[in-house]
Amino acid sequence: MSYFERMDAVHMDILKEIGNIGAGHAATALSKLLNKRIEMTIPDVRIISFDEMMDIVGGADNVVAAVFLRIEGDAPGNMFFVLSIEQAERFIQQMIGDEQFKLEQDCSELSLSALQELGNILAGSYLSSLSDFTHLNLYPSVPALSIDMIGAILGYGLIEMSRVGDHVIVVDTAIHEEHQPNDRVNGHFFLLPDPESFHIIFRALGVDRDE
Amino acid sequence: MSEIVQVVKVGIADMNVVKAPHVIRTCGLGSCVGVVVYDLVKEVAGMAHVMLPDSSLAKSETMNVAKYADTAIEELIRRVIGAGGRNGHLKAKMAGGAQMFQFRTGTTDMMRIGPRNVEAVREQLQRFRIPIVAEDVGGNSGRTIEFHPKTGMLLIRTVNQGVREM
């Protein structure tokens, strides 16, 4: 745990601000795209075990739709945009203009590429605002879409972190449509910087860690 | 008097041992490999949720033996024997090692982690001369697996493909 012990409240606040700015821009982009008000929660920055991370999104075998992309450049890491199946269906319905669309019955190229494009736009706006804020060069890879068990999907993003320990620092921002029941949070942005990226981000923002 | 069957859970980078009638389960295997080592006559089984192929990849000072194939299998065997399993009578089943995402560019070695995990688990089982009775590896789907030490049955659930017995 020594890696995480060096994190103090200031560092956690910085990560929270990063989540705030990134997801804020992404939520605005989503609002425009769907012509709906999208609300977001205050970002949550936590150091948690891998299993606890799965629990945020309903346990390791909960089936979700997730867009994953690799962040390349100055501060590499992974990013996930995770949606419940119902919410993914609603977004696709609005994007392709078909109210009847169901993911189970129709996994057509069009609907999936609509969802992938959604993830692309959101992740892109998250990252570019992050890049502006930190003055770091951050490039998203081409996003990949998967509809599967959350454990299988997120496990991939935990590989780099797992080399350092059994915990992960996750910047988590939940989003939901306005007027949708708040007890069921419907989407999550997860930012998982690689272990080496933290001090790069902190240094870029003038809050250096004592190594 | 019938005993209540418990489902013993194995988390990510975790391992556990179970005796019949209880069963053992791990959820959401993607690139990770779920490996079961069991003695059918003694009705004892151990399961590990392996995340990485080799402990030399570790950059931390603390060591979680369940995380790496090269350390997990050895410890798993030790625990199964500790719970009554007999050396020379152990068999193995495994599942997982999928490639969840395909990338056209920037494919580092880390991205191929699923197949590498499978290969490493195979090597380790071979090292201890434990035959692999059944396996369901590769592909690009997540799996949830459950092992029944009484029957030696491994149940594999995959999204859209239902449950298979192995």
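## The A–B interface

How many residues of chain A are in contact with chain B, and how many of chain B with chain A? In this predicted model, 30 residues of chain A touch 33 residues of chain B. Together the two chains bury about 2,800 Å², and carbon and sulfur atoms give 62% of that. Look at A:Met149, A:Tyr156 and A:Arg163 here: this trio supplies 27% of the area that chain A buries against chain B, more than any other three residues.

## Polar links and the make-up of chain A's side

The rule picks out three salt bridges across the interface of chain A and chain B. One to look up is A:Glu196 with B:Lys59, whose side chains meet at 3.2 Å, N to O. There are also eleven residue pairs in polar contact between chain A and chain B, counting those with both residues at pLDDT 80 or more.

Which elements give two or more residues to the side of chain A that touches chain B? They are helix 3 (50–56), strand 3 (63–73), strand 6 (144–149), helix 6 (150–157) and helix 7 (159–162) of chain A. Sorted by class, that side of chain A has 15 nonpolar residues, along with seven polar and eight charged ones.

## One sheet in chain B: 1-3-8-9-10

Now over to chain B. Five of its strands make an open sheet with mixed pairing, in the order 1-3-8-9-10. Strand 1 (7–10) and strand 10 (162–165) of chain B sit at the edges, each pairing on one side only. From one strand to the next, the twist averages 20°.

Inside this sheet, strand 3 (residues 23–29) and strand 8 (residues 143–148) of chain B run antiparallel and pair over four bridges. If you want a landmark, B:Ile24 stands opposite B:Phe147 in strand 8 of chain B.

## Another sheet in chain B: 2-5-4-6-7

Chain B also has an open five-stranded sheet in the order 2-5-4-6-7, again with mixed pairing. Its edge strands are strand 2 (15–19) and strand 7 (132–137) of chain B. Neighbouring strands are turned by 15° against each other on average, direction ignored. Strand 6 (residues 91–96) of chain B runs parallel to strand 7 of chain B, with five bridges joining them; B:Met94 stands opposite B:Glu135 in strand 7.

Which helix packs on the sheet by touching strand 2, strand 4 and strand 5 of chain B? That's helix 1 (residues 69–82) of chain B, with a direction at about 165° to that of strand 5 of chain B. Helix 2 (residues 113–127) of chain B lies across strand 4, strand 5, strand 6 and strand 7 of chain B, running at about 20° to strand 4 of chain B.

Definitions and conventions:
Residues are numbered from 1 along each chain as its sequence is written. Chains are lettered from A and ligands numbered from 1 in the order in which they are written. This is a predicted model: local features need pLDDT of at least 70, side-chain atom pairs count only at pLDDT 80 or more; totals for chains, interfaces and linings use all residues. Side-chain values use heavy atoms; hydrogens and water are left out. Contact means heavy atoms within 4.5 Å. Buried area is the accessible area (1.4 Å probe) that two parts lose on being put together, summed over both. A salt bridge is a side-chain nitrogen of Lys or Arg within 4 Å of a carboxyl oxygen of Asp or Glu. A polar contact is a pair of N or O atoms within 3.5 Å; within protein, one must be able to donate a hydrogen and the other to accept it, and residues adjacent in sequence count only if both atoms are side-chain atoms. Ala, Val, Leu, Ile, Met, Phe, Trp, Tyr, Cys and Pro count as nonpolar, Asp, Glu, Lys and Arg as charged, and the others, Gly among them, as polar. Two strands pair if DSSP finds at least two bridges between them. Axes are lines fitted to C-alpha atoms, for helices over the stretch in contact, and angles run from 0 to 180 degrees between N-to-C directions.
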